[in-house]
Amino acid sequence: MRLPLLALLAKEPAHGYELKQALEVTFGSAYPSPNIGQIYVTLGRLEKDGFVRAVDVEQSNRPNKKVYYLTAAGREALETWVDEPTEGPRVRDEFFMKLVLAPLTGIADRMALVNRQRRHYLSLMRDLDALAERTDPENRVALLLIEGAMLHLQADLDWLQRCQEDLAL
Amino acid sequence: MDTPVVKATNLVKIYQTGGLPVPAVRGIDLTVRAGEFVAIMGPSGSGKSTFIHMLGGLETRTSGEIWLDGKRADTLSESGWAVLRRQKVGFVFQFFNLVANMTVADNVELPALLGGVSPRQARERREYLLGELGLTERAAAAPAQLSGGEQQRVALARALANHPRLLLADEPTGNLDSRNTRDVLKLLGQVHRQGQTIVLVTHDARVASMADRVVSLLDGQIVDDGAIPRTRRRPSGTAGDVVELHG
């Protein structure tokens with residue numbers, strides 16, 4: 001979460017709660033909403049690393065709030081992040097570990113594992129569809145995030161089928 | 001107990017190509033109740049297309065029985081099947097299969113007219129279906145003037161023209177992009193909620209996830225048959241547990 005926070009702060013200084021809201025509004029309900037504690041912990045670390053600086057702003061009849069600014073070092077870290085290609089798909093897949101290893105121990109058979117996993121993927125897909133239905137059609141970012149998750153799920157399902165063909169018989 | 005809409009018993013299909021028998025379907029039992037939506041999945045070569053074609057009488061079975069709406073169908077002649085399909089079955093294909101030199105309206109009315117309803121009834125049904133599909137304005141167009149998604153919606157309207165007991169579809173979204181897929185899905189969901197019995201073959205998880213029940217084929221046999229479970233949900237509003245971006 002460090003770099004998304006730096007990116008938001010590059011736009012304008014903000015306090016922790018504003019950053020949380022900005023993430024939620026931008027990415028919609030499909031995005032795993034960060035809790036406020038996580039955000040403050042991350043901001044604290046970014047401050048220690050010199051990427052952001054906090055300024056106390058006085059508020060009438062409330063405690064001061066901390067507003068965070070991006071530093072030059074922060075901007076540099078952000079630029080490096082933006083310029084780098086992002087990691088491709090994972091090769092570590094928990095289900096695949098289960099599929100390969102569990103039958104060796106006699107705990108489960110592969111056909112049953114694949115079948116259960118397929119039903120589970122389909123129920124996740126059903127949830128994504130419902131989520132897309134509930135999402136504001138104007139929120140392109142949120143809808144693209146959901147579509148991305150759907151495409152990943154389709155790929156997982158196709159791969160599951162390959163596993164079943166090659167391993168389960 | 002209600003009569004099942006589909007009942008297949010020990011259904012087998014063996015192709016005889018160049019003297020070598022190639023089994024495509026190796027003993028499938030399937031019962032589908034009225035109002036059920038069943039998705040059939042499986043890798044290519046698993047027999048899923050052959051199976052659904054046999055259910056619609058588009059391919060003969062080698063052995064086994066097919067009962068549609070309480071009527072034995074596997075023993076019918078080609079013309080017997082044609083009559084049964086007209087009365088009870090709508091079929092949607094991956095490549096739409098619309099009649100190219102007829103208008104959209106005529107494509108949709110044709111099955112109803114062949115089925116013996118009056119021209120006025122056929123027109124009313126067509127107007128209703130095209131309206132539901134958002135295609136009223138395209139009624140006078142030729143199929144070739146339509147996008148793939150529109151053509152598939154017309155094909156769906158045609159399949160539903162005779163109020164079939166059973167809607168069969170073979171990869172109905174296989175040739176569509178994701179936006180057009182969404183339109184076709186919306187429509188399938190709608191007719192299903194109205195009680196339409198649907199059996200379709202798909203590799204598309206979005207299509208399959210709409211079904212009540214998923215049947216998985218492997219090597220010509222059923223290896224899984226059951227409902228899609230409900231996922232455990234967090235309290236409403238936070239669906240963050242649904243999406244996990246990997247990477």
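Reader: Where in chain A is A:E79 found?

Author: This is a predicted model. In it, A:E79 sits in helix α4 of chain A, residues 72-83.

Reader: OK, nonpolar now. Which residues make the nonpolar surface patch?

Author: A:Y17, A:I36 and A:Y40. Their patch covers about 270 Å².

Reader: Where does A:Y40 lie?

Author: In helix α3 of chain A, which runs over residues 36-48.

Reader: And why does A:Y40 count as partly exposed?

Author: Because its relative accessibility is 39%. That falls between the 20% and 50% cut-offs.

Reader: Switching to chain B. How many helices and strands?

Author: Chain B has seven helices and 10 strands. Its radius of gyration is 19 Å, close to the 18 Å the globule rule gives for 247 residues, so chain B is as compact as a globular protein of that length.

Reader: What box do the C-alpha atoms of chain B fill?

Author: Roughly 55 × 45 × 40 Å, along the principal axes.

Reader: Last one. What share of the residues in chain B is buried?

Author: Buried residues account for 51% of the 247 in chain B.

Note on methods
Residues are numbered from 1 along each chain as its sequence is written. Chains are lettered from A and ligands numbered from 1 in the order in which they are written. This is a predicted model: local features need pLDDT of at least 70, side-chain atom pairs count only at pLDDT 80 or more; totals for chains, interfaces and linings use all residues. Side-chain values use heavy atoms; hydrogens and water are left out. Helices (H or I, at least four residues) and strands (E, at least two) are DSSP runs, numbered from the N terminus. The radius of gyration is taken over C-alpha atoms; the globule rule is 2.2 Å times the number of residues to the power 0.38. Buried means under 20% relative accessible area, exposed over 50%, partly exposed in between (1.4 Å probe, protein chains only). Patches are made of residues with over 30% relative accessible area and no salt bridge: like charges are joined within 9 Å, nonpolar side chains (Val, Leu, Ile, Met, Phe, Trp, Tyr) within 5 Å. Accessible areas come from the Shrake-Rupley method with a 1.4 Å probe; for residues, only the protein chains shown count as cover. A salt bridge is a side-chain nitrogen of Lys or Arg within 4 Å of a carboxyl oxygen of Asp or Glu.
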